[in-house]
Every structure is written in structure tokens, then in C-alpha cells.
Amino acid sequence: MHDHVTDAHTHFFKQLYLYAFATQAEVLHHLRTEAIKEKQARIPDIMQTWQRLQIRVTELMDRERRVADSIHHESLPAEHEAWLHALTSETLFQKTFQNLPVSFSLVDVDTLIAPQRTVNLTYATRVQGQFPSEFTLAALLEICLSPQRAIDPIQYLESHANSHVFSSPHADIRFLGSYHKEVILEDFTYAEAGGVPTAAIIAFVGYGYAPINVFQVGHRMILNNGFHRVYALRSRGIRKIPAVVQHVHNVELEFPATVAGLPREYLLQVARPVLIKDFFEPGFALPLKVQERLKIVKVNVSVS
């Protein structure tokens, strides 16, 4: 569970909000719906600061036009090929990355395009606490690419017949699809309605596959998964990380319409989009205390 403080029976976590790159409407909405009341009372002052920051943002965007198109990346050393081969041989890896060609690269953190606007600092601190004392390349492979990770437990409730509710404090909880399953003898214990079961459907709820991965479109790389680990590593001074690279050749058919809420057109067409390094630019990110919430996935079975 996330660490939290209590005030008036409400739970909070610490957040870093990259408001310098958000629109005025986005900032206002975020502060009004996410921040605690204490911060909401300071909205006029925060918006004045945001207004002054826009001069720096504009200058930065002019000075660093197309910097996202020159991200440095290189192949991983040959001595790690056996470890990478074992990873790609795993069934879940193959199914997760079955839609696009993939490779492995050591990529520059600072010039990765960052679709995410917020950092859960409480969670990022917990991630940092799991890091080893020395960041060898072998250690970074485990941190960045290993499918194993500590995960929050998922709570379950059958709200009524054929309606199932799953919840987690981790925003990554998701529905992972449903599939036909051959019935075996052990399944009969779950046939609460009786009858003679001859077919079954299994539905999965869980978390995304753990390896840090990016989309490569032309010379750009857009972070797709592993944002908090990337932020935590950059906070410790790590500037190059191993990542799974998904190669996009047909943008209209292969690239998502949105990534973490930001549209494809912004991520791929704006000359200077948001980069990971912007979270470390003095004054660009606003520290907040944000109301803690659970993410809920509801699975309903309907028959016709």
C-alpha cells in the first residue's frame, strides 16, 4: 500500500505535476479535482506562476526544436544476449509484444518523450527503495526488463450474480481479456448453478507486463510503460537505461490514438514535446498532495 497521511479522514499521496507544459484549462481542472483543499486555496497564485513559466517554456521549445528526433540509443552488449533470449522466450513476453517488431536498446533517458504529466512521488520513493546499491548494466536489466516486480494486492468482490469488482491502489490494474477454456474435473467445484458444465470462459484481471518499453517512430522514442521506474532511476542520476523498443512503421494503423492521455498528433508532430528531463527542470513541476483513490475494474457477464 502507498504511504499516506490522514487529514479529516481523507488519505493522500505526494505527487509531482508537470504543470508548466499543461494548458491553463488542464492545470485548473487538475488542481480542482485532484489536489487537497489547502492547495486549491492557492490556485490564483499557482496560475500566476504558471503564466510566468510560459516564457521559459516557449524559449525552451524554440531552443530545443527537434531534440526529440535526435535521441541517442545503442545496442546492448553481446554478453547479455543469453539473458535477453531467455526473456523473449517467455510466453507472456511474446504475447505482450506480438503486435509490433521489437528489439532491445540502451536509450537516453532525458530525451525520451514523456506522455505522463504526473509522478506519484510516494510510489516512486518506494521503487527507489528497491534499487540495488550499485547500478551495473546487469542490475539495470533486472530493474528495467525483468517481468518480475512487487505488485499491490487486488481486492475482489462479487457485487451480485455474474458481476465481479476488482480494485487496487495501483492505477495499472486492468482487464486482460477473456478466453474459452476446456472444462476439467477441478472446474466442477466452481459450478455454483449446478448443471453439467461442458465449456468455460476465463477472464483475467491484473497488471501490465513489467518491462520498460518505448515506441520508436522514425527517430523519436515515446515511453509506453515503466514511467515511475524511469523517473526513479533518473532521480538517482541514471541517464541511460535498457528498454524494449517497439518499432512502428505505419503510424495510422500501429500507433495508439492516445498514450497516457496525450494524443498521437502531439507526441509525433509537435517539434518539442514533453521529455523526461522536463520533470527535473527547476520550477516546471508542482509538488502536490493528492487525494488517494482506488482504481476499479468491473467485469459483468451477460447472456443472450
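In this predicted model, Tyr-156 stands opposite Phe-166, a residue of strand β7. The partner strand is β6: β6 and β7 run antiparallel and are joined by 5 bridges. The two strands form a hairpin with 2 residues between them, and in this hairpin Asn-162 has a positive phi near 65°.

The strands named in this report span the following residues.

| Strand | Residues |
|---|---|
| β6 | 155-160 |
| β7 | 163-168 |
| β8 | 174-181 |
| β9 | 200-206 |

Next come the nonpolar cores. The largest one has 79 residues, and Phe-21, Ile-241 and Phe-255 are those with the most contacts inside it. Helix α3, residues 43-63, gives the largest share of this core, namely 7 residues. Apart from this core lies another one of 5 residues, including Phe-166, Ile-173, Tyr-207 and Val-297.

What is Phe-255 in contact with, leaving aside its neighbours within four places in sequence? The partners are Phe-215, Val-217, Ile-222, Val-248, Asn-250, Arg-264, Leu-267 and Leu-268.

The surface has a nonpolar patch as well. Leu-176, Tyr-179, Ile-202 and Phe-204 make this patch, with an area of about 340 Å². Strands β8 and β9 each supply at least two of the patch residues. Ile-202 is located in β9. Why does Ile-202 count as partly exposed? Ile-202 is placed in that class because its relative accessibility is 30%, and the class lies between buried, under 20%, and exposed, over 50%.

Terms used. Residues numbered from 1 in each chain as written. Predicted model: local features only at pLDDT ≥ 70, side-chain atom pairs only at ≥ 80, totals over all residues. Heavy atoms only, no water. Core = buried A, V, L, I, M, F, W, Y, C linked by side-chain atoms within 4.5 Å. Buried < 20%, exposed > 50% of the residue type's maximum accessible area, 1.4 Å probe, protein only. Helix = DSSP H or I, 4+ residues; strand = E, 2+ residues; numbered from the N terminus. Contact = heavy atoms within 4.5 Å. Patch = residues over 30% accessible without salt bridge, like charges linked within 9 Å, V, L, I, M, F, W, Y side chains within 5 Å. Areas by Shrake-Rupley, 256 points an atom, 1.4 Å probe, with all protein chains shown as cover. Salt bridge = Lys/Arg side-chain N within 4 Å of Asp/Glu carboxyl O. Pairing = 2+ DSSP bridges.
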